[in-house]
Amino acid sequence: MTGAGLAGALGPYGAWFGVATDPGVVARSVALDALVIALAAGAVVVPGAIVGLDLLLSQPRTRAERGFAAFCLFVGAAIAGLAALGVATRVQERYLIVVTPLPALLCAVWIQRGMPRRRIAAAAAVALGAAYIAVDLAAWSATHSPTLRA
């Protein structure tokens, strides 16, 4: 009885009670969400952001840097998980917009430290380019994502 009352109080989000989703569908949704975030944040920035996050985790200069890295990981994973559980056939930009500025900040860390590990950044850029080629984003743009329509 309490669950039904709480579900009613949540409005359209009440349908999330008892969500049981196939792990394959969730993984595909998270991967597509990550591609859209990389596109929205700037495909040029994302490889540097990956290396910047690695630097903050492996060689933090201060506790604040380690805390910022943990924050980025936690918020990114939590928001991606939330977006994946909602509607598995649609990119949930209303949730993902929160994550969009983080790659720019992480890339700035990489640049500020003198852009070490350039080969890793180049490999990440190649992998991101291959992912964009492999996934037909144009097919998704018509009904699944306002970002991809732009």
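**View 1. α2 (23–41) gives the most to the lining of the largest pocket, with seven residues.** The model is predicted: local features need pLDDT of at least 70 and side-chain atom pairs pLDDT 80 or more, while totals for chains, interfaces and linings use all residues. Residues are numbered from 1 along each chain as its sequence is written, and side-chain values use heavy atoms, without hydrogens and water. Helices are DSSP runs of H or I, at least four residues, numbered from the N terminus.

**View 2. The largest pocket holds about 580 Å³ of space.** A pocket is an open set of points on a 1 Å grid over the protein atoms alone, where a 1.4 Å probe fits, with protein on both sides within 12 Å along at least five of seven lines. The volume is the space filled by probe spheres set on the points. Lining residues have an atom within 4 Å of a point; there are 24. Nearest the centre lie Ala34, Ile37, Val46, Val99 and Pro103. Elements giving two or more residues include α3 (45–58), α4 (63–86) and α7 (118–134). By class, 22 lining residues are nonpolar, one is polar and one is charged.

**View 3. Thr100 sits in the loop between α5 (93–96) and α6 (102–112).** Thr100 counts as buried because its relative accessibility is 18%; buried means under 20% relative accessible area (1.4 Å probe, protein chains only). Leaving out residues up to four places away in sequence, Thr100 touches Ile37, Ala40 and Ala41 (heavy atoms within 4.5 Å).

**View 4. Cys72 and Cys107 are buried.** Relative accessibility is 8% for Cys72 and 9% for Cys107. The structure holds zero disulfides (pairs of cysteine sulfur atoms within 2.5 Å).

Note on methods:
Buried means under 20% relative accessible area, exposed over 50%, partly exposed in between (1.4 Å probe, protein chains only). Ala, Val, Leu, Ile, Met, Phe, Trp, Tyr, Cys and Pro count as nonpolar, Asp, Glu, Lys and Arg as charged, and the others, Gly among them, as polar.
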